[in-house]
Amino acid sequence: MGKLVPALLLVCVGAIAENPRTLAIRNAKIVTVSGPVINKGTVVVRNGLIEAVGENVAVPAGAWTIDGEGMTVYPGLIDSMSTVGIPSLSAPAAGAGRGGRGQTAAAPATTPAPATTAAPVTPAKGPEDRPANTSWVLAADEIEPSDRRIESVRSAGFTTTVTFPAHGIFGGQGSVIDLVAAERAGAMVVVPAVGQYLAVSRGGGGFGGFGAGFPNALMGYIAYIRQIYLDAEHYKLLKEAYARDPRGMERPQYDRALEGVLGSKRILLPANRVVEMDRMLRFAAELKQPVILYGMREAYRPEAAPLLKKYGSPVLVSMHWSEPPRDPDPEADRTMRSLENIDLGPSAPALLQKAGVPFALYSDGMDQPRDLQRAVKKAIDAGLARQDAIRALTLTPAEIYGVADRMGSIEAGKIANLVVTKGDLFDDHTQIEMIFVDGKQYKPAAEPPAGGGRGATEEPGVNQ
Amino acid sequence: MKKFWIVALAALAPLYAENIVIQNATIMTVTKGTLQGSVVIKDGKITEVGEKVMMPQNATVIDAGGQYVIPGIIDCHSHIAVDGNVNEGSVSVSSMVDIKDVINPEDISIYRALAGGVTTANILHGSANPIGGQTIVLKMRWGRDAQSMIFEGAMPGIKFALGENPKRPGNPQGGRGATQTAPARYPATRMGVEDTIREAFNEAKAYKAQWDEYDAKVAHGEHPLPPRKDLKLEPLKEVLEGKRYVHAHCYREDEILMLLRVADDYGFKIRTLQHVLEGYKVAKEIAAAGTGASTFSDWWAFKIEAYDAIPFNAAIMQKKGVVVSLNSDDAELMRHLNTEAGKAMKYGGLSETDALAMVTINPAKQLGIESRVGSIEAGKDADLVIYDRYPLSDFAKVQKVLIDGRLYFDRDSDVSGRPAKALEKQKLIDKEKQSQPRPAGGRRPVG
């Protein structure tokens with residue numbers, strides 16, 4: 001059999017494009033994530049699912065076999081917050097008219113709004129006008145398989161994104177997307193609705209902000225979100241009463257914004273500073289919504305982990321680490337906090353790991369393989385164990401979104417999302433050899449020219 | 001930087017939760033005269049004040065020989081410690097927004113206010129709207145989280161604003177902060193400001209009636225569907241029920257009388273008039289309404305409606321029976337409210353005690369917290385400021401500030417901690433420079 005393998009491999013080379021229904025990777029190191037590392041073993045994939053994994057697993061007859069000697073197999077990486085698949089939300093485009101940065105705009109006029117929203121002519125006069133609210137939108141319904149970022153991100157080892165319709169205040173619900181090359185978006189969707197994306201703005205700051213639409217101050221955003229959840233509760237009550245007996249009862253007015261909120265099983269709230277973590281955790285508790293916080297720029301501070309631990313909510317840590325200002329004004333007095341953000345920011349994942357706070361890492365607008373690789377490496381260099389980094393990009397995000405029964409580790413029965421490397425993942429010289437999504441094989445794209453397509457937010461979840 | 005405060009406070013830890021005696025000080029109690037003696041603090045409260053006191057066991061002694069102790073200063077009008085914009089200026093009635101939601105306990109202005117002897121401040125929404133956002137009273141507990149800063153049990157408030165600020169966004173020419181693209185917002189006149197407030201309370205009354213009817217039904221054992229909870233009208237309902245104070249920004253006598261009439265028509269009280277620079281013209285009417293006045297000592301002429309101000313405003317209102325406080329409305333002015341009080345002695349001839357009362361017990365009364373703070377009396381919170389010399393003077397420097405018997409500011413440790421802080425910062429700057437080598441050549445391109 002051993003002698004047959006090279007021959008088989010030769011035979012099968014031409015068949016790669018056809019994606020055989022059964023394949024096996026033999027003699028590879030397998031990082032299952034859910035169990036111990038298998039130093040030399042086999043993964044069998046059939047019909048896009050992992051059929052078997054182990055040291056002594058038989059290769060089924062007729063399977064396309066890959067000799068994994070010298071290679072390591074990992075579960076496909078999951079980007080726990082992304083806009084990949086929705087080209088109109090790609091960072092450079094969204095940032096174009098807004099000073100070059102910022103993923104979305106609260107002002108609907110400059111938002112690449114989904115087809116379902118019409119840009120309002122008059123500014124919103126209050127929560128009743130449902131400003132910047134497309135809560136009913138599912139990312140799955142906006143996915144375009146043609147998004148060029150799909151291939152780029154996949155080349156970095158990401159087989160899955162949790163893609164959010166990140167526009168406005170209530171953006172809509174995120175979807176778990178497998179990055180297969182598909183003709184139709186439906187083939188990519190793993191779970192269509194995993195949680196409502198919420199964003200806030202701190203407003204213009206100072207004493208400005210007269211006359212534009214509601215809301216325009218941070219406290220206005222919070223009041224608006226609070227009113228929406230109060231309205232949703234009331235709406236539900238009226239709807240249920242009406243369903244029981246419509247006779248003699250004024251019919252409740254249909255409200256898609258509230259429908260979208262009621263259909264969301266959790267919310268995602270932005271929090272970068274410790275003050276914001278405290279504020280948003282309290283807020284979510286008040287709203288009685290399970291919450292995932294995203295951003296986490298100050299999660300390195302000693303106050304952060306105990307606070308997060310107390311509430312037990314999982315968090316998504318942006319890998320868009322703070323960087324020194326380009327061409328800084330030498331006269332400018334930089335705050336100690338901003339210096340610490342740069343110096344200590346990437347140590348946050350290691351500290352959260354130590355404290356036992358469930359966290360996943362996310363790309364925050366980066367879509368170039370080199371940038372993503374470096375960003376993860378920074379966290380590892382700042383103390384995060386490699387296996388913990390891998391978990392924060394595989395099984396933990398799967399657990400956070402409730403999809404660990406189908407992805408996030410190399411286990412029989414799970415979706416065959418795999419990354420095959422020569423060398424350890426996230427090492428500087430490691431090559432990704434191939435990527436499997438839903439059992440379909442992809443080769444990493446040739447490294448695109450540097451400098452393109454990077455446009456992360458300054459403040460995750462904060463509309464500039 | 002935070003680390004340093006923690007270290008600094010930790011070094012002073014023996015002063016926490018222990019018995020403290022401040023002795024040999026000149027104690028200006030505000031309500032019980034001035035005396036030479038000691039203040040005894042147990043569990044955050046003042047337990048004894050006098051020339052001779054019972055020394056509790058294991059007391060930490062602060063020797064304030066030659067120094068002065070006054071009650072913690074209370075600022076009835078401040079905008080510090082707010083995250084994001086202080087105005088929800090998009091709408092004429094923004095009562096749905098609440099400062100409590102956006103407290104920023106890490107605003108350095110808190111520490112600086114402490115260093116100026118302020119221990120409590122009324123944090124207000126801005127003045128962009130006839131009816132603005134909800135307000136909150138904070139203690140300057142620097143280093144604690146947002147919730148821990150809230151003055152427990154203090155009545156919440158709401159900001160109203162009259163005159164130029166709330167009508168400015170209605171001016172199509174735009175004013176300060178107005179953007180070209182922003183459409184004009186009603187109201188554009190003082191008449192419109194009054195109308196906006198009346199309309200809001202018409203709505204609030206109807207809303208209150210809905211809820212009263214619902215509550216009555218529930219009390220009778222019925223199970224009606226509740227009305228919609230409206231965050232804009234809830235606080236106005238509370239105003240009508242006397243559960244929330246109104247703090248109204250105003251300048252001119254005519255609009256002051258207008259607001260007092262409106263409040264009377266709808267059956268609520270204006271707790272304080274803020275700024276109220278023409279208050280001296282209608283002081284009798286303000287006193288008759290039972291309304292407090294919180295004004296500036298000598299800050300005026302920054303706009304047309306602030307031209308008819310006089311430095312005797314505070315003293316005249318006080319003499320006509322109005323409870324008067326002096327406020328800052330400004331993070332810098334907040335740091336020397338003691339000298340603002342001193343000005344009331346120069347202009348208007350107030351006594352030392354009456355002047356000091358304008359930044360201590362009077363604002364406490366205006367905020368309904370006078371049973372807890374505002375004077376040095378047994379039973380009150382140990383919110384105290386120690387000055388190195390006579391406090392109603394430009395030359396006085398705050399030495400120590402205690403809130404609830406805890407030391408939150410200590411001038412000596414602040415000053416001695418500065419070199420270490422500067423060093424730590426420089427280390428980070430150097431580290432950053434090293435990790436970022438200048439591009440080859442090392443010179444910036446010309447042009």
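Let's start with strand β9 (residues 157-161) of chain B, which runs parallel to β10(B) and is joined to it by five bridges. Strands here are DSSP runs of E with at least two residues, helices are runs of H or I with at least four, and both are numbered from the N terminus. Two strands count as paired if DSSP finds at least two bridges between them. In this pair, Lys159(B) stands opposite His247(B).

A quick word on what we're looking at: this is a predicted model, where local features need pLDDT of at least 70 and side-chain atom pairs count only at pLDDT 80 or more, while totals for chains, interfaces and linings use all residues. Residues are numbered from 1 along each chain as its sequence is written, and chains are lettered from A and ligands numbered from 1 in the order in which they are written.

Back to β10(B), which has a partner on β11 as well: four bridges join β10(B) to strand β11 (residues 272-275) of chain B, again in parallel. There, Cys250(B) stands opposite His275(B).

For a contrast, please find helix α13 (residues 411-435) of chain B. None of the 25 residues of α13(B) is buried, so the helix lies largely in the open. From first C-alpha to last, α13(B) reaches 36 Å, close to the expected 36 Å, where the expected span is 1.5 Å times one less than the number of residues. Still, there is a kink of about 40° at Arg418(B), shortly before the proline Pro419(B); the bend is the angle between axes fitted to the seven residues ending at a residue and the seven starting there.

Now over to chain A. Here we have an open sheet of eight strands with mixed pairing, in the order β6-β7-β8-β9-β10-β11-β12-β13. Its edge strands are β6 (77-82) and β13 (359-362), each pairing on one side only. Inside that sheet, β10 (residues 267-271) and β11 (residues 291-295) of chain A pair in the parallel sense over five bridges, with Leu269(A) opposite Leu293(A).

How is chain A divided? An automatic or database domain assignment sets the bounds, giving domain 1 (1-76 + 408-446) and domain 2 (77-405). Across that boundary, 21 residues of domain 1 are in contact with 26 residues of domain 2, contact meaning C-beta atoms, placed from the backbone, within 7 Å. On the domain 1 side, β5 (72-75), β15 (431-437) and β16 (440-442) of chain A each give two or more residues, and β15(A) gives the most, with three.

Finally, the two chains together: 41 residues of chain A are in contact with 43 residues of chain B. On the chain A side, α4 (218-244), α6 (274-287) and α8 (336-344) each give two or more residues. Which one gives the largest share? That's α4(A), with 13 residues. Thanks, everyone!

Methods. Buried ≥ 20, exposed ≤ 12 C-beta atoms within 10 Å, placed from the backbone.
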